[in-house]
Amino acid sequence: MALWAKIQSLNNDCQRQILSLYDEDHKDYRFPIEVRNLFAQVIEEAVCAGAINSLEKGLDPYNAANRDSINNFFKVLAGNLEERLGNPQSGDQFFTRHKLSESLANINEKSQSDTLGMFEHIRNRIKVEMDLVAQHEAATNNDSAQEKDAIMEYIQDIKTQIATCANILKDVRTNEEHFALNCNRKQEIEGILNNPEQLRASILQRPDYETRLRENLGALEGLLQQNIRTLQILMNRFEQTISGNLKLVAVLKGQIVNEKLAIWKHEQQQMANGINKTHSVSLDKLQIWCEELAELIWKNYLQLKEAERMLQNGIMQTGNASDLTFVQSHTEEVVKLLEDLLNHSLIVEDQPPQIIKMKTKFPKPVIVSLLVGKRLNIHMNAPSLSTCIISEDQAKNLHITDQVETIGDITNGSLPMDCREDMKRLSVTFKSMQLKTIKRTDRRGSVTSERVMEEKSCLYFACTATVGPLIFRVSTISLPVVVISHGSQEALAVATISWDNAFGEIGRVPFKVRTNAAWAEVAQILNAKFVEVAKRGLTEGNMACLAQKAFRHRRPQPEIITWAELCKDNLPGRNFTFWAWFHTALKLIEKKETHLKDLWSKGLIMGFIEREAAEDLISHCEPGTFLLRFADSIAGAITITLLAKPGTVVSLSPFQMLDLQSHKLAMSIKELDKLKFLYQEPQLIHKDEAFGSFYDKENAQTSATGSNGKPYVTLLPTIPDGDNTSGSETPLPYDGNSQPRWSSGSLPGLSPIHADQSPFFAQPPSPYDIHQMMQMDPTYTSDANEAPFLLVPTSNPSNSITSNLDTPTPGAVQQFNFSATDTFEDLITVIQKDSSESMDVQQ
């Protein structure tokens, strides 16, 4: 339980990441945070043997000797869950009991079918916890202990100076009292001397009375002059001291607000890209610094107001009118310092989604906090925070005016700030925000999707804060957001936000960003996207492939890529951009319906590798060796590249989103007999060992329906081996007139398969889309006047499906083997690779 206790002691940022980790929806393995919390000791003993920084001493699922121990662990965990659920005194709420019940059912199921997969799922989450603890401790240790001490020492120095200033004011008040007493005594003496009757009566009693009165009057006048000189000296000391204090406070404000807090906000922006995992300085520490700074500013304000009161009362008659002017001008300076601190310390602790879809509730709450709210007692009269959405142009002008015009209608965007006992900060949590309408900027001549993609806005938060007699208008803005109304705009919007998050500089004018970047910086973004989605980043080979693609197979020096090259200009010979190709591949992995995320995380999908490189990798391996890569010619598709026989490398037509939803890729690999060994550098792994845990357990059910519940018709092609098996039983293609165009076992115009020709196999159309053949790029489209190359009979002989592949080269002696083909769904078409193209064959 030591690790879980450590997790609970982390700062809010780390704890939110832990909550996010266990909030992830995983269809196959249900392991909620409630189970982690209730049975922390049992879990940690099995997974890491109670360690907080290493898994080495725990059970290794890859070691066969640990299988029995892992099974026993699940029996113990299931028993504990059953005992908890059966205890009416447990006090668990309904939702907690529901999650525990789900987890118990899942553990019972997986302990029979996929024990190691379930254990590895739990183990991966413990590993993430360890990484967060290590990162937090490293950040704490490396958060420059000397620097932190320097800031606190600096604060203590200013407090000492403020105490000195307070002592000066105390001396001023003492002199003020002496001055008032001496003035009163002088007025009394002058009153007696100016009253002849009273004076004569006193002289009759004491002849020297008038003389002594006049001597006392002279002494009092001297004391008053001395009082004035002393007060003047004290005021000069006060002015010098408080001027020095304000300079020190301004420097401290620069360190805390303009540096530390600005860096925190910049890191938050980078974390939105998945680049950083933790802040260099925690928000709790920043809050302490901001509160100390606020207190220093407020004490200076009170001292100036005290001096101003004494001057305005006319008691301190120093004869220098500039004293009051000095105090008033410095009071205004302090008020500006306080206002600036308030505005910077109002932060968006949990940002809104940066891609906002119209009329859709924000997926997570938005939290806005005022770091200095408790120290300045703003929580005693808690303000109400309002939200609106403003344009980029308005955000640029906020330093000029706080008058804003909303460009959209946000519901549930106004709430009072709260500071309960369990809260560290004065905060407000917006749980149900939603953007109803948006008014677009007029950009005539722009393509609509590009205009929407490039149009950045932000959420504007504002409130009225009362600090003593002062009232401030306090506001802040969120990170830039892009508003979309359709899912087709998402890829471009993600590109805009990712670029802005990565290359927006600290202290910039909203939302100015450069238009080019080093490829190494862009590669970091691309890698972070995959780490965020599937917990496994990109390899060096993946990066090399992406660089070749992004730079259009030319590597400039230095390697600088522009925004247009990344996201706006289509790739050569394609109707999509580099970013669209990359993003659709990412979404293919991310969508749980495709069942690819776990395959990616385990390294079973090579992904980004060019066709030629893939062919080279497996060309010298065992026949039946294959790898999985993203298709070049189709955005959002994955293809299988296979060494069919020595010297023969082939590829199946790409599996797209709907294909993968209808039938798991793992099952397709299982059912393709020609696929034997997965190439997972530097070794070959039998496909059953690599993909066995992802096979469907109930083949009867999955053969009837796909993973999406729709009727399933096999899409698996039979991969020809290149041999000419004469006399085999194969269906005869027809030309539409029910007359065979060629004999069994061969096709005119097709030659045997050779590696240097790099032939690719086109998978037949999916059963749900059999009536629509995918159109080829113009390079591969046959002349409209030529007869169809291949006609395949359907169940209705009068209706046939026509392939739009090019006609074969006339006169060539070519052959094709249909020996293992049973139905038209299994039919596979082979074409030669055009040496001038680098494109997968499409259906």
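These legends walk you through a few close-up views of a predicted model. Residues are numbered from 1 along each chain as its sequence is written. Local features need pLDDT of at least 70 and side-chain atom pairs count only at pLDDT 80 or more, while totals for chains, interfaces and linings use all residues; side-chain values use heavy atoms, leaving out hydrogens and water.

**View 1. Helix H12 and its buried residues.** H12 covers residues 322–345 and reaches 34 Å from its first C-alpha to its last. Helices (H or I, at least four residues) and strands (E, at least two) are DSSP runs, numbered from the N terminus. Among the buried residues of H12 are Phe326, His330 and Leu338; buried means under 20% relative accessible area, exposed over 50%, and partly exposed in between (1.4 Å probe, protein chains only).

**View 2. An open sheet of three strands.** The order is E1-E3-E7, with antiparallel pairing, where two strands pair if DSSP finds at least two bridges between them. E1 and E7 are the edge strands, each pairing on one side only. E1 and E3 pair over four bridges, and Ile347 stands opposite Ser369 in E3.

View 3. Asp340 forms a salt bridge with Lys253, with the closest N and O atoms 2.6 Å apart; the term means a side-chain nitrogen of Lys or Arg within 4 Å of a carboxyl oxygen of Asp or Glu. Asp340 sits in helix H12 and Lys253 in helix H10, 87 residues apart. Asp340 is partly exposed at 24% relative accessible area, whereas Lys253 is buried at 9%.

Technical notes:
The expected span of a helix is 1.5 Å times one less than its number of residues.
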